[in-house]
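Hello,

Here is the structure I promised to pass on to you. Have a look at it first, and then read on for what turned up in it.

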Amino acid sequence: MPGIDLKINEFKNYYDSNLEFYNSALALFIKLIEPLANIEYVSGRIKDYDECLSKFERKYLPGIKTSDRDYKIFDYLSDFVGIRIICPYLKDINTVRKELKRYFREVSITDKTIQIESTDDKFGYKSLHLDLKLNGKYAKKTEYVRYAGIQFELQIRTIIQDAWSVLDHKIKYKKSIPQSLKRRINRLSALFEIADDEFLRINDEITSEEKRINRRLKQGQTVEKNKPLDVFRFLFVALRYFPEYNFIEFKVDGFVQEILNIKRKFTESELNDALENYLTSVNQIAENENRKLNPYTQIRYCLYLFDRNLFSEILSDYQKNTVLLIK
């Protein structure tokens, strides 16, 4: 079997002469992946030369020394090209995996989640690892054919899984953890898992509420009496009067909180009464001012007209003076 020094020199020459090619492949793969649905962000890297050599010598070389067969160091580096996809929620992982099949075929799969959950005493981060190549369709395309033989490792994680992996590695990566600390790490790992599950449930509940708003609007449902105002009930009322306006989520949340800071038990029906009774007057203000008022400003005027003492601070002094000009 050829000496290790010869093999290292051979790998060094290969690494240096092909680095640009692999970087261009990495850029292409990321370009294909980034537009896919349910992805928060994508990152990638070509494994550093010293890191490649260290991993080979530590993980694979001991088993090769007893063999008389020839080998190439590069053939043992399945993660030489690595890409990481971060998703918001657990359910997105399988969705992204299906989407990837538009461009790639799976060579092998390592599900870290199954490995962790199948044992009682192991701890670590969960993620799905896929070894991928361009699929038959894309491997034949002129612009991709030169990259057809490249296999790369792709990791799919949630935001929470990725955060845990970063912290987990800082604590124990390539170190021996005393038994006294393992239980504490397991407890932390469990908290991250609970957070992942809870964020998914919260997102599902928000989606469900948004669908309920749309159903109420489509079915022409009436305003519900004595129901405390929240962002969903605000949107139900506001969209009845401004159906074409795009109410951005974080602005809605801030606006509703401003209303509730003034009157904690303000209701859906009170907001509707304010708009129903005073929106015409607000339109007159806009005509008098010869300017267009955005929905938030119109709602502010309606609330002030609904209860001038309670909502006196929701308008500026100039705006309150314009109210005096209403006929």
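This is a predicted model: local features need pLDDT of at least 70, side-chain atom pairs count only at pLDDT 80 or more; totals for chains, interfaces and linings use all residues.

**The chain as a whole**

How does the radius of gyration of the chain stand against that of a compact globule of 327 residues? The chain has 30 Å, whereas such a globule would have a value near 20 Å. Along the principal axes, the C-alpha atoms fill a box of roughly 100 × 55 × 40 Å. Of the 327 residues, 41% count as buried, meaning that their relative accessible area is under 20%.

Contacts tell you something about the fold too. If you take those between residues at least 6 apart in sequence, 69% join residues at least 24 apart.

As for the surface, its accessible area comes to about 19400 Å², and carbon and sulfur atoms account for 48% of that.

**The strands**

I would start with β4, which covers residues 128–134. Seven of its seven residues are buried, so β4 is largely enclosed by the rest of the structure. Which strands does it pair with? One is β3 (residues 104–111), in the antiparallel sense over seven bridges. Within that pairing, I109 stands opposite L130 of β4. Another is β5 (residues 152–158), again in the antiparallel sense, over five bridges. There, L132 has F152 of β5 as its bridge partner.

From there, move on to β5. Seven of the seven residues in β5 are buried as well, so this strand is also largely enclosed by the rest of the structure. In a regular strand, side chains alternate between the two faces of the sheet. Are the faces of β5 covered or open? Both are covered: F152, L154, I156 and T158 are buried on one side, and E153, Q155 and R157 are buried on the other.

Finally, β5 also pairs with β2 (residues 81–87), this time in the parallel sense and over six bridges.

Enjoy exploring!

Best wishes

Notes:
Residues are numbered from 1 along each chain as its sequence is written. Side-chain values use heavy atoms; hydrogens and water are left out. The radius of gyration is taken over C-alpha atoms; the globule rule is 2.2 Å times the number of residues to the power 0.38. Buried means under 20% relative accessible area, exposed over 50%, partly exposed in between (1.4 Å probe, protein chains only). Contact means heavy atoms within 4.5 Å. Accessible areas come from the Shrake-Rupley method with a 1.4 Å probe; for residues, only the protein chains shown count as cover. Helices (H or I, at least four residues) and strands (E, at least two) are DSSP runs, numbered from the N terminus. Two strands pair if DSSP finds at least two bridges between them.
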